[in-house]
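Hello,

Here is the structure I promised to pass on to you.

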Amino acid sequence: MARKLPSKDVVIIGLGWTGAILANELADAGLDVVAIERGPWRDTAESFNVGYAPDELRFAIRLDLFLRPAQETLTFRNNLNQTALPIRQFGSFLPGDGVGGAGVHWNGQNWRYHPTDFRLRSHLTERYGAAAIPDDLTIQDWGVTYDELEPFFDRFEKIAGISGKAGNLKGAIQPGGNPFEGPRSDEYPLPPMQMTYAPTLFAEAARSVGYHPFPTPSANASAAYTNPLGLSMAPCTYCGFCERFGCANYSKASPQVNVLPVLMRKSNFEARTDCEVLKINLDGSGKRATGVTYVDTSGEEWEQPGDLVICCAFSLFNVRMLLLSGIGKPYDPATNEGVVGRNYSYQTNSSVQMFFDNKTFNPFIASGALGQSADDFNGDNFDHTGLGFIGGAGMNCVPTNGRPIQTRPVPPGTPNWGSAWKKATKESYSSAFSMTSQGSSYTTRGNYIDLDPTYKDRFGRPLMRMTFDFPDNDIRMSSYVNDKLLTIAKAMNPRQIVANKTGRPYSVVPYSSTHNVGGAIMGADPKTSVLNKYLQSWDVPNVFVMGASAYPQNAGYNPTGTVGALAYWAAHAIRTQYLKNPGPLVQA
Amino acid sequence: MMRAVATAALAALSLAAPAKATDQQSFEQVQRGRYLTTMGDCVACHTAPGGKPFAGGLTIATPFGNLLSPNITPDAATGIGAFSDDQFVNAVQNGIGSRGQRLYPALPYPYYHKMNRTDVLAIRAYLNTLDPVSNAVEPNQLPFPFNIRMSLLFWNLINFDRTPLTDDPDQSPQWNRGRYIVEGPAHCGACHTPKTWLGGDDNSQALKGAVLQGWFAPDITPDARKGIGGWSEDELVAYLKTGVIARSSASGPMAEVVVNSTSKLADADLRAVAIYLKGLKPGTSQSSRPPSADDPHMLAGKAIYKDSCAACHREEGDGIANLFPRLKGSSLVQSDDPTTLIRMVLEGSRAAATDARPTGAAMPSFAWRFSDGQVADLVTYIRNGWGNSASSVSASAVKDVRGGNGPDPVKAGQVR
């Protein structure tokens, strides 16, 4: 039996971005906070030593910072007619492990979702009529608006030291920024990064065909910066070891650089690492959480009681935690009832690769978010009348790295080894680059998460089962935006252009994106959402669930910026409303 | 916020008449004692790694052998609970233990002798409020003949200056306060003043830098190159308060001093310290013979620097404000003794983390990557690049710091 520990005011599950933010905000409110993290402790000094942090084999190939399937995996199938099988090696997406979570291994592209993304169904209905939304899509509004979140976007950007150029300051369009973005109350805290050649060329070409490129908002600091907590960042060295790596230079925003050193100084905060939460415990009514049960590395079980439980794990694992704990009704695609696991979505990506003669791009001078983007075909920034799809994609030229193992662009038809491959590698390494379209992913009745009926984890708990394939709408959307990328590519006049469009079935093998969202979504109606607009469980009001699991569907952006904003928004609601009067913040 | 309230309360009480100076239960007395205990950083020596604060047991290595710090919690049997006030004062200020035995000057009583009795008793009052911890410690672990305490009579005769500290009327109250702190409770010279062959302070070289326990505590007189001559008063105050300023980060033992002690002192006291240090007479700098820029060691050092150091400390040695210290013009870098600089390259370093500068940036160890000769070239370059000037460093000096048995750089994979 689990040994019972003294109660805490707040129990946080997972110590990544959202766990660190919530813990810091609630510790500041005077609460006694414990964060329980299943992975190891990690900090810049001990874990991301500059002497070995850029070890591509260890971190990018052998995935040292990531979750091992033996710890937890999931089963996968494309549709209801298949039998899901366990993923035994993560491929298409890579969940992180340990303190810092995905905030350690991300590239650092930091976006705000568009104002229309937050009220997607209402907006599209107003503009095109309800009939324009394909019947099979279950897209819906978030229950929170961009204007409500704006101060918290601003807060997260200042905590994380984001580099960029505002395109819309309080409604006034700014030259050099993204003219499509929602109105911002303030500039980015840092100016854009120094631009390299490939994105510069992309921007010129995009402009020449009538689009509106701007510097990609980056969590890789363009200059020395000290955030509102007093924590310092150093200017990025453009080493190009961002995604899959911890940053050794205090340059990429992460919980380690931007929050944790302040949080760890607080006597009313405790981090318990290498401890895995098994479930959130409920009282007899099922309407109140009493704490969590977790297991340490010796296999001993502990019960940690707490007044408030906040799920801050990676999005997929938040959903599984709710399913395992019996919080909220599980979604059933057959009856279309229930909410937990409903509206899982992803990201619909495509790319265009270009090979040039007589151009040198020095790809090793890079960072994970150093580039140019254009939002002309993102979200509903363009008229969808007659196009046969809804949604869109950001067009991005962000050459993140020139690392020796993974970055070996060669033209199609090149052998995979031997002298011809070597020759092609030598010719193309510095003279090729890619553009991507990062597209929205709209939800369907059949794409969802539940518990697997067959497979169990090492603790005997059912694995999570993912059922997913790209809807027709998203395939059409992605193809359309990919054609726009081809227009830009042709304007650059390369020797060869290679388009990589998204097709079906979705495969979990090649890497695509770790932007797994939804499954524990927020909304205005408890019949179609797990959480209210403050990320509070409708069913168990002393449970809050952070992260991208709250996204009702995904937009054409990297999710972290909005994750950060929602975390500060929820923390604010807890501090200013919930603590005064614990209970539901929105009446169902 | 709580700190602000406490400070305000202390300030308010300070205005009250100095009524019960010897009242052990007086809030004012205890708070004053707590502040002085922080100023003296008593906790640093009187706490074993992982042990209870002030319960003693830390090994203090001296050139003559090891000592263990005693338990100064108010436990009657193993701590100082049974001491009378006079016994406490006699120990702290005269180096005479409760049984009349001579104490070793690892307890820097020659400094505490400069304090006034009221302050010493305030420390006692504070220590009395701690939870008593039963922890018996035998401080004397020295080998013969140093274990014979009578030898200290001789030591005291030579090294113990019993002249009381009296205010210099020609100087400002701030200067006098600064001198009291530096020469009394803060005992700065214990690390920063070179020692004689007997282990006593060489007062002719006071605060001009000294090697202690494998670190070089730099010159803190206003020498323009290797001291604090180029530092403004504001920079000194900010350094002591936050541990991290653009020109320098506190690291090694000084990081502990900043974290445990100076960051918690009143700004007015830090200002007084700065005024006093800035008013000291600088020593005459040894004229070093810097190597020429085209010296092969300088060229090799520059190449290593560019490869392994410039990403953080920047090409021109400017560093990054609040994170990576400036090497150009650094007094520590240009110290006559390069021990600390060599040690930082070999072992890495972690800056002080304080409320004002919580990051605590780290520098990694390079011992596994560089041979003694490479470290020597690198350090020689840093000491003479960008207008810096200091003596060259030899591979054998690096070997001495490494201890001769450091990691084999060939086994470069052993990084965790």
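**A sheet in chain A**

In β22(A), A:Gln496 is the bridge partner of A:Phe355. Before I go on, a word on conventions: residues are numbered from 1 along each chain as its sequence is written, while chains are lettered from A and ligands numbered from 1 in the order in which they are written. Please keep in mind that this is a predicted model, in which local features need pLDDT of at least 70, side-chain atom pairs count only at pLDDT 80 or more, and totals for chains, interfaces and linings use all residues.

Strand β16 of chain A (residues 348-355) pairs with β22(A) in the antiparallel sense, over 5 bridges. Helices (H or I, at least four residues) and strands (E, at least two) are DSSP runs, numbered from the N terminus, and two strands pair if DSSP finds at least two bridges between them. Both strands belong to an open sheet of 6 strands in chain A, with the order β8-β17-β18-β19-β16-β22 and antiparallel pairing. At its edges are β8 (213-215) and β22 (496-500) of chain A, each of which pairs on one side only.

**Where the chains meet**

How many residues of chain A are in contact with chain B? There are 19, and they touch 19 residues of chain B; contact means that the C-beta atoms, placed from the backbone, lie within 7 Å. On the chain A side, α2 (44-47) and α10 (260-263) each supply at least two residues.

**Chain B and its domains**

Chain B has 17 helices and 8 strands. Of its 416 residues, 44% are buried (20 or more other C-beta atoms within 10 Å of the residue's own, with C-beta atoms placed from the backbone). Among the contacts in chain B with a separation of 6 or more, 64% are between residues 24 or more positions apart.

The chain is divided into domain 1 (20-159), domain 2 (173-278) and domain 3 (296-402); these bounds come from an automatic or database domain assignment. For domains 2 and 3 of chain B, the C-alpha centres lie 21 Å apart. In chain B, 27 residues of domain 2 are in contact with 26 residues of domain 3. Elements giving two or more residues to the domain 2 side are β4 (215-217), α10 (233-242), β6 (248-249) and α11 (253-260) of chain B. The most comes from α11(B), with 3 residues.

Best wishes

Note on methods: Two residues are in contact if their C-beta atoms, placed from the backbone, lie within 7 Å. A residue is buried if 20 or more other C-beta atoms lie within 10 Å of its own, exposed if 12 or fewer, and partly exposed in between; C-beta atoms are placed from the backbone.
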